[in-house]
Amino acid sequence: MKAISIKNLNKYFHDPVEFQVLKDISFDVNKGEFVSIIGKSGSGKSTLLYLLSTMDTKYDGNIIINDTRVTGLKQNQLAKFRNEQIGFVFQFHFLLPEFTVLDNVMLPALKLKKKSKDEIEAEAIELLYLLGLKGQEHKKASKISGGQQQRVAISRALINSPSIIMGDEPTGNLDSKNTQIVFDVFRELAKERGQTIIAVTHDDEFAANCDRIIELSDGKLISQ
Amino acid sequence: MNTNQRIAKVHLTSRFRQLLVAILSVSFGISMYIAMNSFMAGVNNIQTQITFTAMAHIKIYNDLPANVEPILPIPKDSNTVLMVNNARNIQYTQGIKNADAIKNDILNMPEITGVALQLNQNVFIRNGVSKTSASLSGIETVNENALFQTSEYIIEGDISELDKRSDGIILGTGLARTIGVNTGNTISITTSDDVSKTFKVIGLIESGNKGADKTRALISIQTARQLFSKNKSYATDVLVNTNNYNNARLVSEKISKLTDYKVESWQEGNAQLVSSSLLRDILAIAVSLTILIVAGFGIYNIMNMTVNEKIKEIAILKAMGFNGKDIIEIFLTQSVAIGLIGGLIGLVLGNIIVQILDSVPFNIATLTTLPVDYKLRDYILAFLFGVIITLIAGYLPSRKASKVDPVEILRG
């Protein structure tokens, strides 16, 4: 079972000068795999992740996620697809600072509208408890610590039970203790819920503990 | 409340001061729109009111024929020369001999609210050695009063006295001063046909128009007919009021089918009044719309700032699966809320300003306070314009927000 399948991916930056960031990249990721993408700065790993996330659509090649060919879909279709299938965790938490922790977690589910508000709220609270955030639900997102904010961001990524969770250096801003917590959560999600996890990381220890490492160098795939 | 509206609400309430400024700018624009238009309408009303104290909506009189028939036909062959020396357009009849018949005809029309006959002539008024010319009006006291509320301007005496004594005369205050008479004095009147008659001053009239008050003299129409040796139904002017002075022109066209005499609506003779009230309206609308548009720029500015400030959040929302339409809805909801709240406050504020204007003392002519008019139409239009302008001002930044590329923003 393939969660993600990409073929002959090429990506260019045109500004300020023409530059090929990704060179003919092809690989598959199976369902339930915990994959990390590593490489030096400028190797194109983040760019690759943003292509996979369907947010960046300017590329040549094919991306198939959960048997849906996302290449060529319209922006609004992609927004709906992301909402249902993909959870994203950024290096910086990127929470909405004026909303409470609970609201931040609930928003993607409220947008999806598959469940009632009460069900969503119950699930969000359950997720927050799972990530050790009991008692923080009704605080403003800007009023909790960095490590807590990152865990809220992870809860938000999980609320719609997406089949794929993507992280752009999800632990890049965290101390070792919090890194361990985040890693354990990912590990458990992959193992117990069968969710596919793809994380871009600089952290060699983090990468070493994954199921598989994809390494990029100068836009080329050098090992997988 | 759906998710997008909830987000809009949080955005609005988390920036209370900005919200207040935006709402106030809309309120200010709308209230100024209402105040300007109410004031201008009030000024226009008072203007027409003053105008129609001395002037009827429609006047019928015996004019010189407009088309002069040539005395000799124009010769057809080119060898004949036509010479007519000193040709004149002579008026063979003066005044209207059967004014009562015309009056009865007109009174049958549904648009007509009143008709009054007048006999106007220029005369000399003499009091001992002081003498002056005056325009003497023979009036039907009851009808005249119905048309022009003449009795309100009589400052001494009573208009109905004119009917009771055939030697009674009411003079304009300026005229009375010129010849040095008061109520109770006698004066003598000489017509252009050199007929003299003695009258007793039984009252004074002051209409506010100084020029008119210096020449005006009123007697009853029967006395006037006697004085000028005219028949019983004679009048020089038939004055007609309609139920709506703006329609006077239409009604005058209808009346001219009934009679051969000249029928003139007030607009024909007073283009300056029509144009000045139109100009005031244009000015009021231009100024108030400008204020509303400036308020619109204020909202545009605030919404633009909000979008720039929240560009990261917009990117996050998009990354989570909110599409362009959701983003437009979120930001448009905010400007609509500003427009509606600001609009409602503006309506109340506008009404308060109008009431304040209404109580500002202003003692000129017959006015005691500034003239204003309360018209529902102004309030509805102000609200409508306000909401439309906030919609446009809010839509442009929202569309910009909907086009935010999350990749660009989130990758930094």
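Predicted model: local features only at pLDDT ≥ 70, side-chain atom pairs only at ≥ 80, totals over all residues.
Me: What makes helix 2 of chain B and helix 14 of chain B roughly antiparallel to each other?

Reply: The axes of helix 2 (residues 16-54) and helix 14 (residues 376-402) of chain B come within 9 Å and cross at roughly 150 degrees. Angles over 145 degrees count as roughly antiparallel, and the two helices of chain B are therefore described in that way. Helix 2 of chain B passes helix 14 of chain B in a right-handed crossing.

Me: Which residues make the contact of helix 2 of chain B with helix 14 of chain B, and how do they divide by class?

Reply: On helix 2 of chain B the contact is made by Val26(B), Gly29(B), Ile30(B), Tyr33(B), Ile34(B), Asn37(B) and Ser38(B), and on helix 14 of chain B by Asp378(B), Tyr379(B), Ala382(B), Phe383(B), Phe385(B), Gly386(B) and Thr390(B). These residues divide into 8 nonpolar, 5 polar and 1 charged, where Gly counts as polar and Tyr as nonpolar.

Me: Why are strand 2 of chain B and strand 9 of chain B said to pair?

Reply: Pairing requires at least two bridges between the strands, and strand 2 (residues 112-127) and strand 9 (residues 237-242) of chain B have 6 bridges in the antiparallel sense, with Ile112(B) standing opposite Thr242(B). Strand 2 of chain B also pairs in the antiparallel sense with strand 6 (residues 186-190) of chain B over 3 bridges, and there the bridge partner of Arg126(B) is Ser188(B).

Me: What do strand 2 of chain B and strand 3 of chain B form?

Reply: These strands of chain B form a hairpin with 2 residues between them, and Gly128(B) in the turn has a positive phi of about 65 degrees. Strand 2 pairs with strand 3 (residues 130-139) of chain B in the antiparallel sense over 10 bridges, among them the one in which Gln121(B) has Leu136(B) as its partner.

Me: Which residues of helix 1 of chain B are buried, and what covers them?

Reply: In helix 1 (residues 3-13) of chain B, the residues Thr3(B), Asn4(B), Ile7(B), Ala8(B), His11(B) and Leu12(B) are buried, a term that requires 20 or more other C-beta atoms within 10 Å of a residue's own. Their cover includes helix 3 of chain A, together with helix 2, helix 11 (271-309) and helix 13 (324-359) of chain B.

Me: How many residues of chain A are in contact with chain B?

Reply: There are 20 residues of chain A in contact with 17 residues of chain B, and helix 2 of chain A gives the largest share of the chain A side, 6 residues. By class, that side has 11 nonpolar, 4 polar and 5 charged residues.

Methods:
Residues numbered from 1 in each chain as written. Chains lettered and ligands numbered in written order. Contact = placed C-beta atoms within 7 Å. Helix = DSSP H or I, 4+ residues; strand = E, 2+ residues; numbered from the N terminus. Axes fitted to C-alpha atoms, helices over the stretch in contact; angles between N-to-C directions. Parallel < 35°, antiparallel > 145°, perpendicular 65-115°, else oblique. Left-handed = near helix turned anticlockwise from the far one by under 90°. Buried ≥ 20, exposed ≤ 12 C-beta atoms within 10 Å, placed from the backbone.
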